[in-house]
Every structure is written in C-alpha cells, then in structure tokens.
Amino acid sequence: MGTGREANIRVGTSEREQAVAALADHLANGRLDLAEYEQRVTQAAAARTRSDLRALFDDLPDPHPSFDEPARAPAPAPVVVVRDPLLERPAARRNNRGLALFLGVAGVCTLGVVAVTSTWWALAPLAILALILVFTS
C-alpha cells in the first residue's frame with residue numbers, strides 16, 4: 001500500500017481519473033459489481049493522497065493507477081536564424097560620384113570665372129559649398 005512520505009503525497013485530478021479508468025476496467029472484466037464500482041469511484045473522487053487511491057485496489061489485480069512523475073516536455077530547440085543574402089536589403093551607400101562630379105564642374109567653372117575676372121574672392125563660396133556638401137553627405 002505504500003508507507004511513509006510516498007503514501008502521503010497528495011494526488012491530483014489526473015491520478016483520480018487514472019484510478020476511475022482502472023476501476024472501470026475491473027467492472028468491465030466482472031471483478032466488481034455495479035454497487036461496489038460506484039462506491040469505489042466515489043472514494044476515488046474524494047481521495048486526497050496516494051494511499052487513499054491504493055487502498056481501492058488492495059484486493060484487485062492489475063491495472064492499478066500509476067503514480068509516475070509526469071513526463072516533462074523537452075526543452076525547445078534553440079532558434080537558429082539563417083539570413084538569406086538574396087532577401088536582405090543592401091546597406092545604403094553614399095553616392096560620392098555625383099558629389100565629385102559636381103565639385104569638379106563647380107571648381108572648373110570657378111577657376112574660369114577667376115581667370116576671366118582676375119578676382120580670387122570667387123573661390124570662397126566654392127570652398128564653403130564644398131565643405132557643406134562633404135559634411136552633409
């Protein structure tokens with residue numbers, strides 16, 4: 001019947017349901033009559049410990065309810081993220097060709113203006129514009 005701590009462990013709904021199913025099997029095999037089956041089912045429903053349930057099966061052969069620990073679900077497998085290079089967006093790149101072309105054309109034009117007018121102050125706006133374009137791009 002079980003003694004000590006094992007016998008005093010409380011049972012839950014699943015253990016009570018196992019006991020009722022085993023009693024139904026004994027009823028179907030003719031080991032219990034209907035009145036005794038109903039009495040034992042009532043006791044199984046009111047059982048609080050394993051010893052209470054085991055006492056219902058003292059005079060009966062197998063099947064008996066098993067009090068094994070419930071199987072624990074295996075730990076979930078780690079998620080592996082596979083990156084598909086065809087689906088990824090390419091990293092944004094600076095378009096420095098356009099900037100270089102603009103600065104080249106602006107430089108040539110400014111030098112043309114300086115050569116024609118012989119005034120070097122026209123280079124100042126070009127230098128400021130070049131610095132602004134370099135730092136904002």
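**Close-up views of a predicted model**

At 60% relative accessibility, W120 counts as exposed, a term used for over 50% relative accessible area, with buried meaning under 20% and partly exposed in between (1.4 Å probe, protein chains only). This is a predicted model, in which local features need pLDDT of at least 70 and side-chain atom pairs count only at pLDDT 80 or more, while totals for chains, interfaces and linings use all residues. Residues are numbered from 1 along each chain as its sequence is written, and side-chain values use heavy atoms, with hydrogens and water left out.

View 1. W120 is found in the loop that runs between helix 4 (96–117) and helix 5 (123–136), where helices are DSSP runs of H or I with at least four residues, numbered from the N terminus. Between W120 and T110, which are ten residues apart in sequence, the C-alpha to C-alpha separation in space is 9.4 Å.

**View 2. The packing of helix 1 with helix 2.** Helix 1 (residues 13–28) packs with helix 2 (residues 34–46) at an angle of about 170°, and their axes are 9 Å apart; the axes are lines fitted to C-alpha atoms over the stretch in contact, and angles run from 0 to 180 degrees between N-to-C directions. The two helices are therefore roughly antiparallel to each other, the term for angles over 145 degrees. Residues of helix 1, including L23 and L27, meet residues of helix 2, among them Y37 and V41.

**View 3. T49 in its loop.** T49 lies in the loop between helix 2 and helix 3 (50–55), and at 15% relative accessibility T49 counts as buried. Leaving aside neighbours within four places in sequence, T49 is in contact (heavy atoms within 4.5 Å) with A7, N8, I9, R10 and V11.

Methods
Parallel < 35°, antiparallel > 145°, perpendicular 65-115°, else oblique.
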